Amino acid sequence: MLPWLLLLVPIPALLAPTPALAGPGIPKTHGVAPNLLSRYTPSSKSTWKCLDGSKEIAWSAVNDDYCDCLDGSDEPGTGACPGTSFYCKNEGHIGTSIPATRVNDGLCEVECCDGSDEKSGVCPNLCKEIGDAYRQKLEEENKLRRKGSKIRSSYISFAKKEKKRLEESITSTLAEISVREKEVARLQDIVDRTESLSAAALEHKKQSPLYTSLLAHHEALTHLRSLHAASLAREAELGNILDGLRRGYNPNYQDMAVLEAVRGWEGVKGLKHIYDEGGLKDGEEGGEGEVKEGEVKVAEGEEERDEETMEKELDMLLDVDHVSLLLEHERHVNAPVEESILFDITSYLPDTLIPQYLTVKESIVSLLQKVGVVRGAVDGSSSDASRTRELLSAAQHSLKLTTEEKDKAEEDLKDLFDERWFGKEGEWKKLDKVCLEKDTGDYTYEVCLFEEARQKPNSGGQTFSLGKFHSWNEDAEPGTPAYYSKQHYRQGTKCWNGPNRSVVFLLTCGLENEILSVVELEKCEYQLTGTSPALCLPVGEGTTGVGTGGMKTAKEEL
Amino acid sequence: MRLSSLSGVLLLLTCLPSALALKAGDFKTCAQSGFCRRGRALAERANANAGAWTSPYSVDPSTLVIAPHEAQFTAGVKSSLYPDIKFGLDVRVHKDGVVRVRMDEVGGLRKRYDEAASWALIQQPEISSEIRWTAGKKDVRAVYGRKKEFEVVITFEPLRVTLLRNGKEQVVLNGQGLLHMEHFRTKEETPATAQVEGGEEGEQVVIKAENPRAWFEGESEDAYWDETFLSWTDSKPKGPESLSLDINFPNHGHVYGIPQRATHLDLPTTTGENPTFTDPYRLYNADVFEYLASSPMSLYGSIPLMHAHSPDSTVAIFNAIASETWIDVSHPTRSSTNTQWVSESGILDVFILPGPTPSDVFAQYATLTGAAPLPAHWALGYHQCRWNYVSTDDVRSVQKRFDEEDIPVDVFWLDIEYAEEHKYFIWDRKNFPDPVDMMKDVEAVGRKMVVIVDPHLKRSSNYPVYQEASELNVLVKPKNGEGEYEGWCWSGSSSWVDFFNPNSWDWWKGLFKTTVRDDGKFSWLDSTENVHVWNDMNEPSIFNGPEITMPKDSIHYGGWEHRDVHNINGMLFHNLTSQAVSTRSDPPKRPFVLTRSFYAGSQRFGAMWTGDNLGTWDHMAVGIYMVLANGVAGMTFAGSDVGGFFGNPEPEMLVRWYQVGAFNPFFRAHAHLDTKRREPFLLDEPYKSIVRDILRLRYSMLPVWYTAFHEGSLTGVPVLRPHYVMFPQDEAGFSIDDQYFVGSSGLLVKPVVQKGVTETSVYLPEDQVGIALVYYNYFTNYIYTGSAKGKNVTVPSALHQTPLLIRGGSIVSTRERPRRSSPLMKYDPFTLRVALDKSGNAKGDLYLDDGETYDYQQGNYIWREFVAGKNGKKGVKISSKDLGIAGRAGNEFEMSMESVRVEKIVVVGLGGKPTSVKLEAGGKELEWTYEPGVAADGKKEGEGSVLVIKDPGVGVGIDWVVVVS
């Protein structure tokens, strides 16, 4: 975690510094950053002006371990002025600045490998060792990046292929759309014409009490269904809350309200009491009552299937085209009780013969009508109209699907190289909806990238959504490596006594797409760390390469 | 830390707009406590018959035995109510004039608990061999004091104890005739004519026929033999044994002390005309969930010490009793106070501290129970806590963020979640796989860790600590006296070590060793000597117990019931842990052990905090009063959780809370599991920088705090000093508890505890000496001139400003170089701030040592007095001299600090520009600058003149004189 701490050499710290009182021996430019060196020269009168120009002091007062200047510039090398910084040359390694608070505090700062932050003799010069270690680490990181960036380029080529595929898909769907549009227009034209003929009649039929009642039923059913859905959602929410209460409450028996709520819920769900004696002995807190819970799940499963059937039936009921139904109804009511075989003969004919049959039928029927054997032309036309309507509706549906397909492809194409989605080079596209898992013992955490994060209890029980993909790092400039070092998943299942669950997923360059750690730093707010080759920029690209993208400074790389 | 789920449940079930609520019904009121009802009823009968009321207790003069060589006598006492029952009285005058009055039943059916004082006292007090008792016909009396100003009189009939000073009554015991020691009796089987079940709260009342004692005891035997509260029944096998005593202060109009509760320092009334509170103050250590910011209710700790104060005298009462106690306070007149103390069990053992000044009272109390010892220096730094830092890596990254932001911190804390299944000492390896490495990472920057160890032991076969305690048979027993008491706490089914059992002591101390134990028992190998300890939940808190604590009929060592020892229970746990932490290293080091529960004497074992406060402005304010009250009662190393334990304080509140915390002796930020993280580095600007500056201010003033603790360790005077302590004759200050002084540094602070404040009115006290009526703003050197009658001034206090003044006449030593932690400041130079008084004088002292060992007891320390005085008409002479015991010169510590210098001397309030500034020795002219401004001896207010002397080139540990001409 903190390699620089581990590297701390045995600290002569807290041993008395060697020189007595203010050592006059400190060079005037000790601790001065290279860009300011030129300003640390005495005037001809052996005076010196504070860098902010506020004060002129004796040249001897520079680095005399006493803060004279308001801006603290007279003490670059002693730490006497709070809020200033100290420059370590670190010859053999990389020069760096440290805060004045760390100068002459008895600790050898690893950032200051030349030991210049402490009085001489306190800290050894470790720049060679630290520099070597740094370069070795850098080399390892570069190696990792080189390997990782190869995988990353395969992601990029995937994105390119994907782009091509999408573009082709768009082209072909566009062609298909134009065909389908024509078809829709043609059918629409027919329907319009037939319907304009029968419009008045249809209007009249729509006055039928049965039809109006049907509409009312439909409306009531729709409403009921949405109410039902809302109450199911609320029930699930309350169930989650109570599950959370049951698992999370303190076994504070003196609070009867909590205990009653838990016991009541266990009663409803048929669960064993979570803190039943024996269950807690020798720490088996997690698993009690799970078997039974499983059994309940089965019962619930049956219920769910019923629910599913009902949903399907409802869907069908609500999707019915009422006008067609009305016409169908008309036809049905007006048909003779024993349907003439003539009218139903199509059911017995092979499909190939139907067109001929229809032609024949048409002429026979019209003949019969003329003769007066068979009644009513209106019925015939209404039945045709209804069939055409069905064809139209089917054609419209296919058009809609194709258009949607096209829109989706266009959308995907847009996201593909959108900085805010799959990156400028589309390097993340390959990982779209890829699910990573991490087993932490009690739970398995799952992140389906760009989709949703979940927490799945290993010993059975409810899976919680930890949130849907919300954004990349909001604190960083889109497109920068730092931007892609963090993903937010938000608005997961609400905690019963806390916020909606959420995830911050911290990513660094690595050869695998994987979750490394999971930690709940605050209630219901999870911090995950992980790696992905998509973050491995080719060596030489990006600010500092590996790591949480550009946030690190040289000293942390040590 | 406490019940995490309750607030949420309340929210869920009742849809309260706020999730914060006290469940007052979990705790008894006086009306729900049998003996308290009896005690209050007794007072009511006495009040109703005020003219005709006489105490039935009297001394039998024929039994008086006066010790020949010391100031002690014994005598028999009888009660006219029960002529057959015998009581014994024992009165002593200690060497320092403290009077101890003891009374117990003699030859009774059972024995009353008489060991409370032995746990509280640091040693058996020395009885005066000079003071003599003189027996008369009606009384026995002793006169003492340098001017024979004190007289203590024990009147025989009725029994009455009076302490007088210069003929004026100071303290009177049984002056109202409310003394009543219920003797042990056997339960009579159904003598009752009628039994009434009832009373709303399940009180049980038995009415007897024609009771000749009814005028005193009442008609009924109210809750004598058992008592039910909510779902718990207290079996009370010993029957009634309560003790009532009235203690009056006929010439003192203010009383302080008897912590801990959330109310003002100057205790409001609970009885008499228009009382502020209607229930008596209660002393019964209790884990009160989301306690109210103003209430007479008992909290986590109890110290039965009360100061009574008037402009010409301060006295105190220490009532050494460990059972549940209720205290009624009233002021019959503005300048008098009556109190009644009703306790459930135990002997009468009252110490009367004669004063007559606040510092005398502190010294007398310290002689009895000990002063708070010098703490480890690092313990005065900033403590960062949270329930919970969830892993070793979490701790590392919190430390990293502090360092990246250059915000100082000394200690990282771990709450209960580090422990696997809350089995304390046992790390949850999943999240804390490398605890010792984590500690070493923290130590690398000079820091420490504090890890929690609670008293509830999980009853689990794979928990060695429980197993060993069980094998040693040192666990508290249930009411039948057999087996192990079992209750519920964080760890589920748990048992509690009975620290009254001496067999538990060495075993417990051994647990904290970081090396393998010879006896093969458990020791904490996964820790280092830089890990210190937090003892929480030691009231004890028991989730399924009556009033969230242990049933009173549980059995402790020696067969005593829990009711007899309840208020001491938490102190013993703290005591033993403190000894354990100190003695695990060789040579021993100063331990840091934080406790939530405490009793008289707990100050010897470590710090306390005010428990689970709420993140509200009210709680921020009352936290200050509570810390002051705890200090008055000896627990001076005290603080309240910065930010509030519950809730998510807005940034403004958090900043103000840091300002409060920076001026608390114990400075810790803590937060509940359900709260958002709020470490200072998470704040946005400007809040982050403001908090960094506050923390740096605290660190710069560590020399002031350490010196104040050092003084307190010698004198018993608290580190935070309320006005009545500093200015005992200034009546306007007697009720002030929102501003206070830090040690004897001269620093006066009034933290802002309200929203949206930009300026604050600060009271400048009347000064009896009449020379120091000038105060300086610490940050701007603005001079405020006081007035002989006391005066309020307006001090700027925008969010980044804390109203902090230096009293003219003080010299304050600071270290102005910010560091990451306090040990890294060890060799940093000092700045002296000389704030002149009107006559051009000032002084202050500075104490330093290695900060963690006991080497200072061998003279290894630096203790300087800095004095500024007139040099000629306008000049000033500033000198440094040794205050330590002679013969220490050149001690090891002093030598090790040779290189540490005074880098700067700032003199504010000079009358004019000096002509020269020289070191007296050698006459070397020093560099200096002078900003003209208002002088201390003038009448004007405004920015004071400032003389800055650069690097006088003197070490902090040596004698020197700087002459300003």
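Reply: What follows looks at one helix of chain B and then at the chain around it.

The model is predicted. The helix is α7 of chain B, which covers residues 435-443. Which of its residues are buried? They are Pro435(B), Met438(B), Met439(B), Asp441(B) and Val442(B). These five sit on the same side of α7(B), because they cover an arc of only 160° around the axis. An α-helix has 3.6 residues a turn, so residues three or four places apart point the same way.

Of its 965 residues, 67% count as buried. Among the contacts in chain B with a separation of 6 or more, 70% are between residues 24 or more positions apart. The chain exposes about 31700 Å², and carbon and sulfur atoms supply 51% of that area.

Confidence is the remaining point. The pLDDT of chain B averages 94, and 95% of the residues score at least 70. Two stretches need separate mention. Over residues 1-19 of chain B the pLDDT stays under 50, although the model has 55 contacts beyond four places in sequence for them. Residues 192-203 of chain B also have a pLDDT below 50, with 20 contacts in the model beyond near neighbours in sequence. Where pLDDT is low, the predicted coordinates should not be read in detail.

Note on methods: Residues are numbered from 1 along each chain as its sequence is written. Chains are lettered from A and ligands numbered from 1 in the order in which they are written. This is a predicted model: local features need pLDDT of at least 70, side-chain atom pairs count only at pLDDT 80 or more; totals for chains, interfaces and linings use all residues. Side-chain values use heavy atoms; hydrogens and water are left out. pLDDT is the predictor's confidence in each residue, from 0 to 100. Contact means heavy atoms within 4.5 Å. Buried means under 20% relative accessible area, exposed over 50%, partly exposed in between (1.4 Å probe, protein chains only). Helices (H or I, at least four residues) and strands (E, at least two) are DSSP runs, numbered from the N terminus. The arc is that of the directions from the helix axis to the C-beta atoms. Accessible areas come from the Shrake-Rupley method with a 1.4 Å probe; for residues, only the protein chains shown count as cover.
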